[in-house]
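Dear colleague,

I am handing over the structure below, and the notes after it set out what was found. Please read them with the coordinates open.

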Amino acid sequence: MVEAAGYRVASVGIDEAVDRLSIQGAASALWVEVDSDGGPALDRLLDRIEAEAGSGRFPAIVAAPAALIDQVAARIADPSVELLVDATAADRMAALALATARRGETSRLHDIASEPNTVRLRQLSDEVSRIAATLARLSVGPATPAANRNAAAASGEVPAVAIETIRQVIRARRLRARYFDEELFADPAWDMLLDLLQAEIAQHRVPVSSLCIAAAVPATTALRWIKTMTDAGLFKRRADPHDGRRVFIELSREASEAMRRYFGEVGRAAVI
């Protein structure tokens, strides 16, 4: 696929990759294909990728199976790294296009309009646009009158929310899939907010893999949303003190208070 896009591929094993990066002069992108747990060698490579991506040296793509979500996500947080989980051919083409576009090299990509996966690729493009639009709205905040927000903040009172209320909402949302195509109601941001609020009330920790399941969308899409929600200040990453290869996701203080105030305001109204 990469060669068909007009790029030259230099391939090395995971064990050799860190040394190769040390002598690599330049690259349009770095692609890491993981099919099993590479242990310390994989950890070193992912740490190096995170550092290189953060410095802007080159964009990176990491493709891995669902079983390795936690290990990969624990070390890759930079938004310029595309994470793919059990990716399709269209997912891979979209990731390559996004990565190389960051380097201003889209002109080298071949015309994919004739590819059989064009529809899926366009859907992925629409998804990225939807995420960007959502983040723009989040940066402004909810359309609540400023006086009301200020009064609520000044009171310092955050309504208590019963965990059963959150569980009922989550059950109701999942029940829709019995009667309609689940993709009609895909709303990963809200599903993850609900799951994290439920975990916070129950005092449970949520690893990345579990949150991806709660999002009810493909894992690659869920990972994009986790990154964007983290960048927006709604989610926080917290390292697992007992396992250096895992991180937990939790609500930020502001997001937690906003969710609790929301449920306090809607009361017993049906929230789905």
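Lys236 has Glu250, in S6, as its bridge partner, and the two strands concerned, S5 and strand S6 (residues 247-251), pair in the antiparallel sense over five bridges; strands here are DSSP runs of E with at least two residues, helices are runs of H or I with at least four, and both are numbered from the N terminus. Two strands are taken to pair if DSSP finds at least two bridges between them. This is a predicted model, in which local features need pLDDT of at least 70 and side-chain atom pairs count only at pLDDT 80 or more, while totals for chains, interfaces and linings use all residues. Residues are numbered from 1 along each chain as its sequence is written, and side-chain values use heavy atoms, with hydrogens and water left out.

S5 and S6 belong to an open, antiparallel sheet of three strands in the order S4-S6-S5. Strand S4 (206-207) and strand S5 (235-239) stand at its edges with a single partner strand each, so one side of each is left without a neighbour in the sheet.

A further open sheet has three strands in the order S1-S2-S3, with parallel pairing. S1 and strand S3 (81-85) are at the edges, each with a single partner strand, so one side of each lacks a neighbour in the sheet. Neighbouring strands of this sheet are turned by 15 degrees against each other on average, direction ignored. S1 is joined to strand S2 (residues 60-64) by four bridges, and Glu33 has Ala63, in S2, as its bridge partner.

The axes of helix H8 (residues 188-202) and helix H10 (residues 219-231) come within 10 Å and cross at roughly 70 degrees, where axes are lines fitted to C-alpha atoms, for helices over the stretch in contact, and angles run from 0 to 180 degrees between N-to-C directions. That makes H8 roughly perpendicular to H10, a term that covers 65 to 115 degrees. Pro188, Ala189, Met192 and Leu193 in H8 meet Ala222, Trp225, Ile226 and Met229 in H10, contact meaning heavy atoms within 4.5 Å. By class, this contact of H8 with H10 has eight nonpolar, no polar and no charged residues; nonpolar covers Ala, Val, Leu, Ile, Met, Phe, Trp, Tyr, Cys and Pro, charged covers Asp, Glu, Lys and Arg, and the others, Gly among them, count as polar.

Definitions and conventions. Parallel < 35°, antiparallel > 145°, perpendicular 65-115°, else oblique.
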